[in-house]
Amino acid sequence: MSAPNRSTMRLLPWTREDGAPCYVVGDGDGAVSRMADEVEAVQLAMSAQLVEHAEHLLADPEAGREEARYLAGCLCSALTDVLRVAEARGGRLGDCRE
């Protein structure tokens, strides 16, 4: 008897050019899923580094307005990435509970 098909739809950590979400359908062991895992890891690591940078910048009384505005833009971008990773991973939790 063969194993049941565990194919699922996974939200990927990138979007199409028009901003629409990208998905892959599979068992989670394919090349696209492995690439998505790597991209998620990089996004999370970069976000952690950015938070550390933000803490230093905000502690600097001589930091300028332009630096703070640039940092805010970078933090928004990083937060968008982290939220997408959380959504993607949260969607996969349902598969683990079955």
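Q: Is Arg-16 buried, partly exposed or exposed in this predicted model?
A: In this predicted model, Arg-16 is partly exposed, with a relative accessible area of 47%.

Q: Which residue does the Arg-16 side chain meet in a salt bridge?
A: The partner of Arg-16 is Asp-18, with an N to O distance of 2.6 Å. Asp-18 is exposed, its relative accessible area being 55%.

Q: How many salt bridges does the count come to?
A: The count comes to four salt bridges. One of them joins Glu-40 and Arg-89, at 3.1 Å from N to O. Glu-40 lies in helix 1 and Arg-89 in helix 2, so this pair ties together parts that are 49 residues apart in sequence.

Q: Which residues do salt bridges with shared partners join into one network?
A: The network consists of Arg-10, Asp-37, Glu-40 and Arg-89.

Q: What is the distance between the closest N and O atoms of Arg-10 and Asp-37?
A: Those atoms are 2.8 Å apart, and the two residues form a salt bridge. Arg-10 belongs to strand 1 (residues 8–15) and Asp-37 to helix 1, so the pair links parts that are 27 residues apart in sequence. Arg-10 is buried, with a relative accessible area of 6%, while Asp-37 is partly exposed, with 35%.

Q: Turning to the nonpolar side chains, which residues make up the largest nonpolar core?
A: That core has five residues, namely Leu-50, Ala-54, Leu-57, Leu-71 and Ala-78. Helix 1 and helix 2 (65–96) each supply at least two of its residues. The largest share, three residues, comes from helix 1.

Q: What does Ala-78 touch, leaving aside residues up to four places away in sequence?
A: With those excluded, Ala-78 touches Ser-47 and Leu-50.

Q: Where is Gly-28 placed?
A: Gly-28 sits in the loop between strand 2 and helix 1 (31–59). Gly-28 is partly exposed, with a relative accessible area of 36%.

Q: What separates the C-alpha atoms of Gly-28 and Thr-8?
A: The separation is 7.8 Å, although Gly-28 and Thr-8 are 20 residues apart along the chain.

Note on methods. Residues are numbered from 1 along each chain as its sequence is written. This is a predicted model: local features need pLDDT of at least 70, side-chain atom pairs count only at pLDDT 80 or more; totals for chains, interfaces and linings use all residues. Side-chain values use heavy atoms; hydrogens and water are left out. Helices (H or I, at least four residues) and strands (E, at least two) are DSSP runs, numbered from the N terminus. Buried means under 20% relative accessible area, exposed over 50%, partly exposed in between (1.4 Å probe, protein chains only). A nonpolar core is a set of buried Ala, Val, Leu, Ile, Met, Phe, Trp, Tyr and Cys residues joined through side-chain atoms within 4.5 Å. Contact means heavy atoms within 4.5 Å.
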